[in-house]
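Okay, thanks everyone, let's get going.

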Amino acid sequence: MRYFFILATLLTVQAFAQSDSGSVSVANLPKENDIVETFEVVEPVYMNYDSSAKFPGGNAALSEFLSDHLHYPMQALENGVQGIIKVSFVIDKLGRVKNVKTIGDTIGFGLEKEAIRIMKLSPHWHPAKHNNEPVAVYFLLPIEFRLSDE
């Protein structure tokens, strides 16, 4: 994430406070390089674009990534729980997966938590493009948790 730092710079104005003894002292002001506040830079997320964001290697590579990294939650295994978790996230203009969350009905038993975890492990994607420039876009990915019949 990119952060901007607001730095307090003491120019010619200083704040003074009078102590109980009647003397004047400099108040507890931030030093020149102290970080006063941080905040994330928010970039626009496009709804219309010329080409979609793509997982490196395409959909087959995405399926392989999910199957290689997915850990079926023990609580779901023990209770025979399966289902589809819809994961919403942003692919930013650098291809990073950000703002991962689940949407829709909650199944529970650790499935939502695992779907979020696995998407946060995702490598950088090829970002979407609009007017030949990379842009941030929303992405919705259904992840199916299915128990084998064995």
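So, mean pLDDT for the protein is 79, with 71% of its residues at 70 or more; pLDDT being the predictor's confidence in each residue, from 0 to 100. A contact here means heavy atoms within 4.5 Å.

Bit of housekeeping. This is a predicted model, so local features need pLDDT of at least 70 and side-chain atom pairs count only at 80 or more, while totals for chains, interfaces and linings use all residues. Numbering starts from 1 along each chain as its sequence is written, and side-chain values use heavy atoms, with hydrogens and water left out.

We've got 3 helices and 9 strands, in the order β-β-β-β-β-α-α-β-β-α-β-β from the N terminus. Those are DSSP runs, numbered from the N terminus: helices are H or I with at least four residues, strands are E with at least two.

Now the core. What are the residues that touch the most other members? In the largest nonpolar core, of 26 residues, they're F89, M119, W125 and I143. Such a core is a set of buried Ala, Val, Leu, Ile, Met, Phe, Trp, Tyr and Cys residues joined through side-chain atoms within 4.5 Å, and buried is under 20% relative accessible area, with a 1.4 Å probe and protein chains only. Elements giving two or more residues to this core are α1 (58-69), β6 (83-91), β7 (97-103), α3 and β9 (133-145), and β9 gives the most, with 6. Take M119: skipping neighbours within four places in sequence, its contacts include L66, F89, W125 and I143.

Why is β6 largely enclosed by the rest of the structure? Because 7 of its 9 residues are buried. Strands count as paired if DSSP finds at least two bridges between them. β6 pairs antiparallel with β9 over 9 bridges, with K86 partnered by P142. Then 5 bridges join β6 to β7, also antiparallel, and there V90 stands opposite K98. β6 and β7 make a hairpin with 5 residues between them, and G95 in the turn has a positive phi of about 90 degrees.

Definitions and conventions. Buried < 20%, exposed > 50% of the residue type's maximum accessible area, 1.4 Å probe, protein only.
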